[in-house]
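Please read the points below alongside the sequence and the model.

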Amino acid sequence: MSTIATNIAKVGARIREAAQASARDAESVGLLAVSKTQPAEVIREAFGAGVKDFGENYLQEALDKQTALTDLALHWHFIGPIQSNKTKAIAEHFDWVHSVDRLKIAQRLSEQRPDSLGPLNICLQVNVSGEASKSGCAPEAVAGLAEAIAELPRLRLRGLMTIPAPTEDPTEQRRAFARLRQLKEALGPDLDTLSMGMSQDLEAAIAEGATWVRIGTALFGARDYGRP
């Protein structure tokens, strides 16, 4: 078994154990492999080990990998900050966008989503920790933004996403994720997605209801940002 396949198995075991500890069905938690800076052959290897959902932060890098992997039935998620001049390509080439944090971006994605592809799955990114360095709308803006986006054609608002301030304290981890869960619950029963939790805190995220955990380092090792 390759290192990546071994890592995927280990992460899968962590997800199952965390779900069991919270009396949840492990199948309700999706593994989103964060493949930014990883080459196409690594994604191909991960797909061979059972992973089908991949998250990308950098548009051109993602498009190049999509071209190289057209023979695989992959689901592509955009999880990075979105510039207005990138929305057309994102709308045309991704199944999910987890990082919508303002109405202008949602409107452009809606206008530029091809009818032939069906609705684009959308998560609102929420800055639950209030960090100036992080993208995401303020918690108090969630309700109004969700209401506006729900009216846009060719989009399907699925839920909320967050990247909270890093901490090794499980209590603090859970507090941040609980805040996102409460915000989603306040929006009503139609939303089904909480995109939260990464390699270091997936257990806390699952305990608070995560339906996607975004895992990079635990699958692929530390990223090489010098890779061309």
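R154 sits in the loop that runs between α6 (142-150) and β6 (155-161); helices (H or I, at least four residues) and strands (E, at least two) are DSSP runs, numbered from the N terminus. This is a predicted model, in which local features need pLDDT of at least 70 and side-chain atom pairs count only at pLDDT 80 or more, while totals for chains, interfaces and linings use all residues. Residues are numbered from 1 along each chain as its sequence is written, and side-chain values use heavy atoms, with hydrogens and water left out.

**Positive phi angles**

- Most residues other than glycine have a negative phi.
- R154 has a positive phi, near 65 degrees, although R154 is a residue other than glycine.
- With a relative accessible area of 31%, R154 is partly exposed; buried means under 20% relative accessible area, exposed over 50%, and partly exposed in between (1.4 Å probe, protein chains only).
- A23 also has a positive phi, in this case near 55 degrees, and is likewise not a glycine.
- The loop that holds A23 lies between α1 (3-21) and β1 (30-34).
- A23 has a relative accessible area of 73%, so A23 counts as exposed.

**Salt bridges**

- Side chains of opposite charge can pair when their charged atoms come close.
- The count comes to 13 salt bridges, where a salt bridge is a side-chain nitrogen of Lys or Arg within 4 Å of a carboxyl oxygen of Asp or Glu.
- K65 has a salt bridge to E56, and the closest N and O atoms of this pair are 2.9 Å apart.
- K65 also has a salt bridge to E61, with the closest N and O atoms 2.6 Å apart.
- E61 and K65 are both part of helix α3 (residues 59-68), where they are four residues apart, about one turn of the helix.
- E56 is buried because its relative accessibility is 0%.
- K65 is buried as well, with a relative accessible area of 5%.
- E61, by contrast, is partly exposed, at a relative accessible area of 24%.
- K88 and E92 form a salt bridge whose closest N and O atoms are 2.6 Å apart.
- Both K88 and E92 belong to helix α4 (residues 87-93) and are four residues apart, about one turn of the helix.
- K88 is partly exposed at 47% relative accessibility, and E92 is partly exposed with a relative accessible area of 29%.

**Cysteines**

- A disulfide is a covalent bond between the sulfur atoms of two cysteines.
- How many disulfides does the structure hold? The number is zero, a disulfide being a pair of cysteine sulfur atoms within 2.5 Å.
- C123 takes part in no disulfide, and the nearest cysteine sulfur, in C137, is 12 Å away.
- C123 counts as buried because its relative accessibility is 0%.
- C137 also counts as buried, at 7% relative accessibility.
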